[in-house]
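This report is intended for a reader new to the structure shown below. Please keep the sequence and the model in view while reading.

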Amino acid sequence: MDFSNEMTETALKLNSAFNFSPEARRKLLKELGTSLWAKPAEIWAEVAGLSYASAGKLKEETSSFDAVKELERVRLMGARVLFDGEKDYPETLKSLPHAPLAIYVLGEIHEANSLAIVGTRCPTPYGRRMASRFSREGVSSGLTIVSGLARGIDTEAHRAAVENKGKTWAVLGSGLLNLYPAENKKLSDQIIENGGCLMSEFPLESKPWPACFPMRNRIISGLSWGVLVVEGKEKSGSLITARIAAEQGRSVFAVPGPVDSPLSEAPHLLISQGAKLVTRFDDVLEEMPPSCFKEETQVSERSLFASDIPRALSLSKRKILQFIGSQALGFEEIGLGCGLDFSTLSSDLFELEMDGLIISEPGQRYAIKKRN
Amino acid sequence: MLAHVSSMGLCGIESYPVLVELDLSNGLPGYTTVGLPDDAVRESRERVIAALRNCGFNLPQKKITVNLAPGQSRKEGSHFDLPIALALLTASGQITSESWEGKYCCIGELALDGTLRPVRGTLSMAMRARQDGFKAMIVPKANAAEARAVGIEVVTGETLREIVDFLISPQSSRRDFIFSDPFEDFFSASKPGKSTEDMAEIKGQTLAKRAAEISAAGAHNLIVMGPPGIGKSMLSRRLPGILPPMSRGEILEVTRIHSARSKEGSGLIFQRPFRAPHHSASLVSLVGGGPAAKPGEVSLAHGGVLFLDEVLEFNRATLEALRQPLSDFKITISRAKDCVEYPARFILVAALNPCPCGFRGHPTKPCICSPKAVLSYFSRVSGPLLDRIDLQVEMFPLDFSDWAVQTNMGSESSAEIRKRVARARFKQQERMGREDFAANAYLTPQEIKRHCVLSSSAMDALRQAAQKFDLSARGLDRILKVSRTIADLEDSNSIETRHIAEAMNYRALDKARNSL
């Protein structure tokens, strides 16, 4: 498709009416092009397959959108708009029937093997740990982590990717100028600094309407070849994402959790419906389509197992490290498990923390510090 | 005909001498009280007249004028009944006053039948009476132990008649009025607290119990954080049970405050107070005040524990008012009528949830709070206030209760812990060279330098920790004071690395805030 200025504006105007089906809008753009605005609503209805009333509404809504001003603001904030049909528009989205007409991008976008990590907004410490672990391992295998910048699992996934100098894409449910939740501003800056990007199909100033989040989920799964669900309740956005992913032909992965936790409902439901159970990152890599192995990637997970514990440590400290393993454990659990007395335990934990081998988490719990 | 009887007035918890003057003159029979009496003092007229008549004395048909000198200070309370009655009897010639005028100081409320009722503030008045050189103090029987505790001779009786009999012929009835030292029973028996709540009832939670022990040993303020229903209040309520016994001076000071407020005449207070105001408490009820400048909960908790459950639900202004007592150990209340200073040296125990929903960091339950909500939750209490709290510990649900049994920790009874605490407190008293209110929490920065001697490896550990956790100067002092107490519990003179290491455990709230 040829993208003249006029065409760009038309496409952006059509893109702004996100309440209408993308297919209908795409038809209008393809068949009528820039001559669209001269045509009456009846013709719109016929071409797009809409009722007269909604075609009228669509026309009214799209014509009143100031595309020139919007493009200027996009330029000023250093962002870009990618249109469906352009060269830079993500390859993975092109094949989708519901793909957005245009997508706003702040930061760098590049061809990549992407894995989506999604889950609940209110995770347990276990969920956070898993999100962060798989994101870290994904990054070290050369994958780009896609998620939604929401609270909870999304934040953990982005953060772990950024901390490990990996690329990560955040797909927003609001406009780029309306970052939600606001506390993730700093994280979003780090994402861009690390060569990732923020993207959104919604106009710059669009508010985070509840209805927008399921819509952006199709982009999260669409951009990736697989979706990893970490924690979620029975009725959750993660399940929606997983369903869309399956419809789009993406692989669905789920991390199991404790069976008595309501947050394990979504992953367990998915596993029972055929999603792949993930306990190690290799489980994910096995499913990666061959086309994705463009360069040699190697899993370099540095795990702290017995052989890996520094020799110089005292016996009791080695015992503690071995016992903690990959969990976060409370003071007393460690004391019981290692059979240490109070004073040895407290000074050992202190020294291990000072040496940067463990970190303390909320709830007076200790976990092994992950090293890259 | 004129009579003078010495008595005492009460302002806050301080007493001042009051001279009751009574004049009988010819004229229309009447009764006037002057010298800024409040309602209770003015009403004494009716009690005095009825009591005299019912004890079989004559009431002179004259004009009666009572003056309470000094005239410019406001007189409160019902304890002027007895001195007024005695002055009336003297002025009307029914008893003679040469043998006791100016030597005895009297207080007491009269019932209509002449029985003596207990009054407020006896201890404070007896202290002043002793200081002013009175020979003896005449008090109602229920207040006798309190007055005796300051070492002044005490004369007491059930009724006005008994007091008058003694004043007429001291030799015949004197023996009834000698009391033994009320402290002796207490110190010889050295009874532990009568509290039925015992630390041994708390299963597991070794870290929290250890924090309570350190808090008791060094009088450190304590924050207990944890999800709802974990036993934060249970732990806090057992803290008085492991506190060391009070010294003589402490008993007197604590009794003085409680006696100035309550009228029960319950004698000396040997138990350390435990005050637990509800979080709806007003500022005045917490720090004291009101028209009469009454002591508040902080002063009533003097020498004991002030427990604030759900501390973040307290009004912010109310909490911030705790800053002065927490650093000066006293509170000054200025009102239009009075300016009063009350001692307020207590162990603050504050319980709170780790976030608004209560499940942050819970091993299985999800927390539904956004980081912003948690931040604003913690910001309800200011940094300067938190800086004054030495120990922060978090309680967590655990299936593991056997560690306690296995390592023989945490199953100890309160009495055993108390012994260890008392030994540690004794070391602190020796070090600080005083008996009353000597505890590591009260160390001044100069004293910290002198008394908290670190071994060289401990110094290294502290320096590293200060760098890693970005500790402020006050934060360092807190760690030093707590490690000093931990070393005292172990009977170690110098502070070793393991003491510093343990002290670093009790920073749960700092850690929780930093992790946001």
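## A residue of chain B and its contacts

Leaving aside its neighbours within four places in sequence, with which residues is His79(B) in contact? In this predicted model, His79(B) is in contact with Ile107(B), Gly108(B), Glu109(B) and Val119(B).

His79(B) belongs to the loop that lies between β4 (63-69) and α3 (81-91) of chain B. The residue counts as buried because 32 other C-beta atoms lie within 10 Å, where 20 or more are required.

## The contact between chains A and B

Chain A contributes 30 residues to the contact, and chain B contributes 38 residues. On the side of chain A that touches chain B, the elements giving two or more residues are α15 (331-338), α16 (342-354) and β11 (358-361) of chain A. The largest share of that side, seven residues, is supplied by α16(A).

By residue class, the side of chain A that touches chain B comprises twelve nonpolar, ten polar and eight charged residues.

## Confidence in chain A

Chain A has a mean pLDDT of 85, and 93% of its residues reach 70 or more. Over residues 293-307 of chain A, however, the pLDDT is below 50. Beyond near neighbours in sequence, this stretch has 18 contacts in the model. Where pLDDT is low, predicted coordinates should not be read in detail.

Note on methods
Residues are numbered from 1 along each chain as its sequence is written. Chains are lettered from A and ligands numbered from 1 in the order in which they are written. This is a predicted model: local features need pLDDT of at least 70, side-chain atom pairs count only at pLDDT 80 or more; totals for chains, interfaces and linings use all residues. pLDDT is the predictor's confidence in each residue, from 0 to 100. Two residues are in contact if their C-beta atoms, placed from the backbone, lie within 7 Å. Helices (H or I, at least four residues) and strands (E, at least two) are DSSP runs, numbered from the N terminus. A residue is buried if 20 or more other C-beta atoms lie within 10 Å of its own, exposed if 12 or fewer, and partly exposed in between; C-beta atoms are placed from the backbone. Ala, Val, Leu, Ile, Met, Phe, Trp, Tyr, Cys and Pro count as nonpolar, Asp, Glu, Lys and Arg as charged, and the others, Gly among them, as polar.
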